[in-house]
Amino acid sequence: MDEPRYDEATKTYTTGHSYDGIEELNTPLPRWWLWSLYATIVWAVIYSIAYPAWPLVSTATAGFLGYSTRAEVAAEIARVEEANSELNTQLAAIELTTLKDNETLHQFAVSAGASVFANNCSQCHGSGAAGAVGYPNLLDDDWLWGGDIEAIALTVRHGIRNEQDEDARYSEMPAFGEQLEKDEIAALVAYVQSLSGLDHDTALIEQGAELFADNCTACHGDEGMGDRDQGAPNLTDSVWLYGSSDEVLTETIANSRFGVMPPWSPRLSDAQVNAVAAYVHQKGGGE
Amino acid sequence: MNNAENPPSLYAAQEPIFPRKVSGFFRTFKWWIMAVTLGIYYLTPWIRWDRGPNLPDQAVLIDLAGRRFYFFWIEIWPHEFYFVAGLLIMAGLGLFLFTSALGRVWCGYTCPQTVWTDLFILVERWIEGDRNARVRLWRAKWDAHKWRLRITKWLVWLLIAIATGGAWVFYFTDAPQLAVDLVTLNAHPVAYATIGALTATTFVFGGFMREQVCIYMCPWPRIQGAMMDEDTITVGYREWRGEPRGKKHEGTTGDCIDCMACVNVCPMGIDIRDGQQMECITCALCIDACDDIMNKIGKERGLIDYLALSDEPLERGGGKAKPVWKHILRPRTLVYTFLWSTIGLGLLFALFIRAEIDMTVSPVRNPTYVTMSDGSIRNAYDIRLRNKHGDDREFHMSLTSEEVLIIDLEGTDLVNVVVPANETKLQRVYVTARRGDPSATAARTDLRFWVEDVVSGERAHTNTVFNGKAADQ
């Protein structure tokens, strides 16, 4: 480092730093710039007293303004709930069949229902409501217990085949493995497959039809069209909750199936039940 | 005095600057630019433009809440933000072009900091007098006279500052209504806060900070340094003509009589005769000042002039400077012009081919398809329709494909949708392939959605695909 020298051309001293003969001028900073630095320091001190700032052992200084992001979020949520309370009251009280006539309320219900569904229903029925093996697909037009908006709301409110809600609709398919021989079950499988036009063993059809008439028609109907009052599936359509292969149908007939859905009331409010019913109803399968 | 034993302070106080009144070509030009730019700024929000009953009638409106930008006959929706991005790129390239050709003309003529500072200096001169009077006032004791002049000046500045901040908010909402609300104290707090902040910055930057903003705060002069070269036309001093400077009777031979006129008019407080310097905003007022003196002493004008550094050796050798167009037309400026106009033409083209009907199709892929009870395969699509008109419009939706596909709309038995004025509508559309059809069994089938305005017959289309059963495998 060289000694600072006075530079005639710029009337300024150099800093003494010189690199390959290029020297650095020691141009003074404007004083207001210095004051702006002091101002930011003062600001920082006041800010750290006013707002949560200094870390302590298990918490931090709260700041005299009492501000917290958590309280801000809580206030924001309360504000939104307050703003939506009128719509929610209407939604809880509405006759569901008339919901679609009220476009604003219907839109509100569908939007609210989407988040209710994502939080509570998607675990079994999937985020896209396409269901899974044993969990019905809510997008198609096949409904076990009814697919109009009121039936959907009823299912959501009380659930299916559960012990917690005495209004839950209940049915139980017998396990025919105890009553029928293996070849009889195989014949039933072939007959059931024939009902919806699937590939099947034609030699067994006659025996299967007889067995079906004796054992199954009480719930599934003479034509195998099912019965929504009992949640008995339509066996003639292309939608299969558990599958339609020989193995799966044999398992279904021999050991039966017992799909349970929990009741969502009172865990969900009436408005939330109606909202999620409206959401599911407009996913493509609603009747 | 500074010396090695007594090093200079690390900090320097602001040197007061008292620009003297000047007249001439560039000063007149600058008055016009000031009038036009301030006129545009203050008056634009008040221009009305009829767009129909459901749309705002303000010619230029940035509707942040409604996410619309209106500019006369053009309406920009959020998905068309590339227009704004394109304009910003053009603004950038335009600055590059002008800077490489003409130096810091932006700084000298049109930068808001320059324009408002100029206006504030004008007010200062009206109230406190010209340079000499202002220097005297600055040195004077704070007596009643000084207080009266200072307070008057500050009040006028404050009024201009309030008008400046006030005009800004009118761009963001209906101006006449906001004006009433502002006066009756019914406007949104954000409006008052914005006016307050802009009033403060205008008052401080225009009245007190002035050249400090350009020298210490603005990054643009630093960037401009990289845009300029020896062919850039910029304000300079013909040192080879002016030196040695001095009074005539002292026997000097240069044209510069060292009258300090160029220094006295400079709003940046520099001496252009020291050569190119960071502080110079090329406002050209020193040219006017010097030309005035040259006229008076009967010398050729242009001792201080717009000139290119590459002309210096020519002129020193007694030759003539190259013509201006030879300086301006060089690869660098041509490339900038080409880029600038290419983007401009591209944007114009995009503007003219903008469809009046606009739709985006987003296929629902969760799940890829649904098997219906009759064995048919259904896909769902979320279609967003945009109606940019001021009236409700009814659209007919259809599809074309090489295979048989059936279209249905959620929530209606019809295939027509009404989209309210100036809104978008999200409509779920179902497409179904019958059981056993090729489209039901194949992995993918191409299809094209059509929307058609039922009244005008205008149509638009979007291509997408239909997923069949093989899509899973």
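Helix α5 of chain A, which spans residues 149-158, is largely enclosed by the rest of the structure, because eight of its ten residues are buried, a residue being counted as buried if 20 or more other C-beta atoms lie within 10 Å of its own, as exposed if 12 or fewer do, and as partly exposed in between, with C-beta atoms placed from the backbone. Helices are DSSP runs of H or I with at least four residues, strands are runs of E with at least two, and both are numbered from the N terminus. The model is a predicted one, in which local features need pLDDT of at least 70 and side-chain atom pairs count only at pLDDT 80 or more, whereas totals for chains, interfaces and linings use all residues. Residues are numbered from 1 along each chain as its sequence is written, while chains are lettered from A and ligands numbered from 1 in the order in which they are written.

The buried residues of α5(A) are A:Ile149, A:Ala151, A:Ile152, A:Ala153, A:Thr155, A:Val156, A:Arg157 and A:His158, and what covers them includes α10 of chain A, residues 270-281. After α5(A) comes A:Gly159, which has a positive phi, near 80°.

A "binding site" is placed by an unreviewed UniProt entry at A:Cys121, A:Cys124, A:His125 and A:Met261. These residues are spread over 141 residues of sequence, yet they cluster in space, with a largest C-alpha distance of 10.7 Å. UniProt positions follow the numbering used here, feature names are shortened, and annotations may be inferred rather than shown by experiment. Within this set, A:Cys124 belongs to helix α4 of chain A, residues 122-125, and is partly exposed because 14 other C-beta atoms lie within 10 Å. A:His125 is likewise placed in helix α4 of chain A, but A:His125 is buried, since 20 other C-beta atoms lie within 10 Å. When its neighbours within four places in sequence are left aside, A:His125 is in contact with A:Gly131, A:Tyr135 and A:Leu138, contact meaning that the C-beta atoms of two residues, placed from the backbone, lie within 7 Å.

The feature "domain: Cytochrome c" is listed by UniProt, again in an unreviewed entry, for residues 108-196 and 203-284 of chain A. Residues 108-196 of chain A are 46% helix and 0% strand, with end C-alpha atoms 39 Å apart; for residues 203-284 of chain A the end C-alpha atoms lie 39 Å apart, and the span is 45% helix and 0% strand.
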